[in-house]
Each structure stands twice: as structure tokens, then as C-alpha cells.
Amino acid sequence: MIPTTRRGRVGALAAAVTCSLALAACGGGGDDDAATGAPTKLGKNEGQVSILAWPGYVEDGSNDPDADWVTDFEKETGCKVTSKVYGTSDEAFNLAKSGDYDVVAASGDLTLRMVAAKAAAEVNTDLVPNYAKVFDFLKDQEWNTVDGKNYGVPHGYGANLLMYNSDVVKDEPTSWDVVFDKGSQYKGKVTAYDSPIYIADAAMYLMAKQPELKIENPYALDEKQLAAAVKLLKEQRANVGEYWSDYLKEASAFKTGDSVVGTTWQVIANTIDQDNVKTTVPEEGVTGWNDTWMIAAKAKHPNCAYAWLNHIEDPKTNAQATEYFGESPNSEEACEYASEGFCETYHAGDEAYSDKIWYWRTPIAKCLDGRTDVECTDYSDWTKAWTEIKG
Amino acid sequence: MTQPTAPTATAPSSGTGAVARRASSFLATRPRLRLGLLLSAPLTWLVLVYVVALAALLVTALWSVDAFTGEIDRGLTLDNLREVATESLYRTVTLRTLGVAALVTVIDVAIALPIAFYMAKVASPRARRLLVVAVLTPLWASYLVKAFAWRSLLSEGGLVDWVLNPFGAHSPGYGLTAVVMTQAYIWLPYVILPIFAGMERVPDSLLEAAGDLGASAGTTVRTVVMPLLLPAVVAGSIFSFSLTLGDYISVNIVGGANQMLGNLVYTNVGAANNLPLAAAIALVPIVIMLGYLAAVRRTGALDNL
């Protein structure tokens, strides 16, 4: 993992000066809400940028010599990159609010919280030339645009898959029931993602298995539906060996055989790189993520931040980064740079497929599925439920 | 106490020397002020680091958090404390944590007593030095390295499995047993050292006298050694008990799906972004430790720390 370096006082001062000279509002760094519009032109690069991202999003070749899209960026722009990886959106939210990061790669369950907490700045997509190449169905979506204002640019999207050890789970599972109703046959070796957002996976399973609950959207659960999901997860808890949020922890548990079945990201399967560890998409569907590169409201290096956004939106970089992580890239052109078959495997640009993934959202009291007769449970309810489930 | 007399040398009319001399003659006649000045620096430090931090924790526990934006609302409310006191989840986790801490302490004391006795009373001076080094060496390795070492030892097909399999047994796997083993291993030196120091202070002559008067080894240990050693044992137990009570890292690494109090604090700070609730939960181990310290104060154990 790459540590963040402490910025020198001189650097901060220089950044502040550049900031006030070059930008009218400095990416929303001001105290006054009304004055935090997006900048209309960019100034000189500040010489550094700090990035908060999912593992595998900002690679400088130190983890894998073939995965390096930072070195070129540093050479071209003169912006030295420091980055920190996080394991859950909740962790990222806290880190982002500390104000130490200029750029944040955020999933859909984080973006709106960032906007609501005024931690994200409005982004002028005209200053990101590569934005034009992005698939239209990823633009101006509810998780990256609020009141017609863009708060970031799309990165890529993917699914939370079911990973299994084929030595133990002999037949390819077709349903999530291997981790829920039939989980007891792998007692102590089931794993699950350690975040309240995992409740949505249980809700999605219930959508198929218990239609009488009438769940329309796994992120819009009223109290009764949440209680059903919690009950299912409490039953699952008896079979769970360990929960994971650190992707290396899951990788090690699958390598040794301490975990044999559970939810995962493609990048983890790639890291493990063993023939007996496979991934699959069960019939109930999958939850997933649709990620956005955001600029922090208190960004100290907004010009380098814009430079990074444009760099990561570049089809070639985007192809590298999304292929490394195992998710669909954000543009048609990226497919030209990716390995053969990659875009087909991940259904890049296939809007119908993308529609089937339940992208992570922040549950709020106003039901996301449009119901008005009930109040839905919000994320704090989910957080509380999650601590109870773990017991 | 005799008062030193003020210097009588004739002072130069100017310069820092004169000021210093005047100050020292001023202080020389006021012992209380002298003491106050001497203690003010460390006391300020103590107050800032311990008392203010504890007070801040208590105050934070009275705040609340806006669920969606995560902003802290500084209005005072007892909700967090009430939640921690009444929800069954916190009771379960507190009991689990107490159980683990107690078990770790018992195991550590049981292992430390014979080792400390051998080191202090049986081993030659040379062997004793080597043993002290051997006890201290593990403290040089990082906590994380040791916890991850246990993770790989206890894993499926790991060393423990490999040793136990011929006997038809298996590694306990990740869970509370693994947590107890790991913690007992990590805190053992902290228990051995105070007991060793206490054992050294038990005069050999008393043991010989007990033997001369016909006491068996068991009686000697029970009636002579243990009463003298009790404060040292309690001192050691304070370390293992309090350190286990606050631990959350090794639970994360080898504890499987289990949580302890430290994990609840950690998830509330990290994942749930609920600092006030985390502060309220953090008060639980503090209260337990205060109770424990108050109980052991009478044994004189605190003089052995």
C-alpha cells in the first residue's frame, strides 16, 4: 500500500497562492456555499496531488510492474501523486472529510453523502476533455449529478461476484443460496463483505426468494423488509468464518482455504490467481458499483486534480485501470486499448446489462423505489442493524 | 527541613546574574512556590494528556451525529449512553470481552508463575540473564507481525493443523480461541517481568526457614511465597487484563467474525462515522478498569508497577 506523504508548509502555501490567483472559487474551498461554483479555467499545476481511491485504482507499478498509469502522468503534468486506498465507502467518507485529499474515487453509496456533507466540489466537465468520450448512459446519473450539477466524472462499473473454491464447492453455484439458505454446508468457511451496504445483497436475494416481501429495490427497504434481511444475515452469521473489508485479508483466506465461498470483486480473484478459485454471476443478480472521480471541496491542488481526472478518463488509462481492477471501462474507445475479449466479458457499453446490476446507493428515508406510503430505513438504521448482525 | 540562607555576596549592579540571584534568593525562602514551579510542567502535561482527554471523551459521548451528512451535532443528549447501557448487543460484547480478558490473564499468570520462579530462585545468574533476554526479545517484534504469524499458524493446513492432524485433532481455526491464544502470547512478557521482580524480592532465607520447620514444598508456596507474591501477580494481571480489554487488532486478524469492545469503537469511528457513540462505548472499558484498579489498590499491587 502506498502511504500518503505529509505536505510541506511551503507546498501548501504555494498551492494556496496559485489557487487564489488561478481560480475564482478554488474548487469550492470557500466558506460561502453560494460561491462554490465550478472553476471555468485552470491554472498552473501545483506539483502534487493526493488521491483517495479503491485498491487498484491508482497504480504506479509498485504492486505489479505491468500496472502503472501514474508514472506517465507525473512526467507529463509534473504533479507528484500520493495515494491512499480504502476498504469501504464509510472509511472513505471519513478520510475524505479530513480534507487531506484532492481527488476521491467514490462509489454510488458515497457520492451523495459527499455532496450532502459539502465534501465534494462541483466539477466543470468542460475542463476534462476526455469526458466527451464517456458512454452517455454513465453521464448525468443520480449518483454523480445533483440538481443538474456534475460532481464528478465516471470511472467504470462492475459487479460484486460470487467467489468459490472449486475443490470444496464442486458444482458451479447458480444461486446466492450457497452463502445464505444452504450456507451451513460450508459452515465456518463462508465470507461476506464487512459493511452495512452488504444488507442490500441479502435484500436482493430475498427479492427473488420471498416475493411476498415485495422488495422492489434492495436499497429501499421499509422496516419489515429490513427486518427480513437482518434475519437472513443473522442466520448467515452462524456460517461465516470471517468478514472482510480489507481485500488482502479475503485473498489470504481464500488462498489458505479458510474461506471457500462468498462475495468478492474480480480484482481479488485476479490477485489470488489460482485455478481452483473461480467467480460467477448467480441468477438472482448482483449488486455492484458505478464509480465516480470527485474533487474534494477543500482540495489544496485543484489544478493537478483536474489534470488527474482528465488522465484517468483518457481511454488508454481507463482501459488499463479498469482491466486491472476487473470492471467495465467507461468508454467505447477504451475497448480498443484493452485486451481482446475484455470488453465483451465485462459487457462494456451494454446498457441493458448495466441496468441489471444493483449499483450501490445510499439508503435514505425517502424510498429510492418511489414508494410514498411508507418511510424507508436510512443508512444509520443499516449501520445499526449491521453491528447487531455481527453481534 | 532547614532553610538555606540567602546568598550574601554583593551583587553586580546589572546583568542577568543579578536577576538570577535575586530570583533564587526569593525562591529560597518560599519552599512551596519552589515545589509548585518544579511540578507545574509535568502536571500540565498530565492534566492535558489524561484528564482533558478523558473529559473530552465524556463530552463527546454526549453529542450526536447527523445520519446522512455525518456532521456532529454538539447538542448534549444522553442517548448514546442510554443505548450502550440498555442494548443487549453491548452487553453481549462487553461480557465476551471481559471473558477473553479474564481467560488471557489466568493463562498468562499460570504460565508466568513457574517461569518467574525458575528465573528468580533456581537458575544460575548466567542462565537468569539469558532468560530475561529471552523473555524480552519478543517485545522487539512488531505486534502486527506476531498477530499475523498466529494467523498463518492457525490457518487451514497451517503449522498447528499439521502438528495436530496425526492425533486426529484440528487447528481451532479463527475465532475466540485463537484470540485468547494470540493475546496470551503477546502479553506474556508483561506478566512475567513483574512476577519475576516480585519473586526476586522473596528472601531465600524464608524459604529455607519454612523447609527447616518441616513445611512441604506445597505448603511453603501456599503460605509463604504466594502472600508475598500476590501484589506482583496482581500487577502483572493489570497489564494483561487492560491490554486485552482494549485490543481490536488481533481480533480482526485471528478472531474470525467475532467482535470485542475495541472493534465496536473502531467500526463506529471508521465505518459508521459515529464518534459520539464510539466515545460512549469507549467509556465501558475505562469504567471496568477503574473498578479493577480500585479493587486491587488494597493489595499494594500498584506499588509494584
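Predicted model: local features only at pLDDT ≥ 70, side-chain atom pairs only at ≥ 80, totals over all residues.
**Figure 1. The two domains of chain A.** Where they touch, domain 1 of chain A contributes 13 residues and domain 2 of chain A contributes eleven residues.

**Figure 2. Domain 1 of chain A, on the side that touches domain 2.** Here, have a look at H3 and H4 of chain A, the elements that give two or more residues to this side. H4(A) provides the largest share, three residues. By class, the residues on this side of domain 1 are three nonpolar, five polar and five charged.

**Figure 3. Where chain A meets chain B.** In this view, 28 residues of chain A are in contact with 21 residues of chain B. On the chain A side, two or more residues come from each of helix H3 (89–97), helix H4 (108–116), strand E10 (240–244) and helix H14 (379–390). H14(A) gives the largest share, six residues. Sorted by class, this side of chain A holds seven nonpolar, eleven polar and ten charged residues.

**Figure 4. Chain B on its own.** Chain B has 13 helices and two strands. Its radius of gyration is 27 Å, well over the 19 Å that the globule rule gives for 305 residues, so chain B is more spread out than a compact globule. Along its principal axes, the C-alpha trace of chain B spans about 90 × 75 × 35 Å. Of the 305 residues in chain B, 32% are buried. Among contacts in chain B with a separation of 6 or more, 70% join residues 24 or more positions apart.

Conventions
Residues numbered from 1 in each chain as written. Chains lettered and ligands numbered in written order. Helix = DSSP H or I, 4+ residues; strand = E, 2+ residues; numbered from the N terminus. Rg over C-alpha atoms; globule rule 2.2 N^0.38 Å. Buried ≥ 20, exposed ≤ 12 C-beta atoms within 10 Å, placed from the backbone. Contact = placed C-beta atoms within 7 Å. Nonpolar A, V, L, I, M, F, W, Y, C, P; charged D, E, K, R; others polar.
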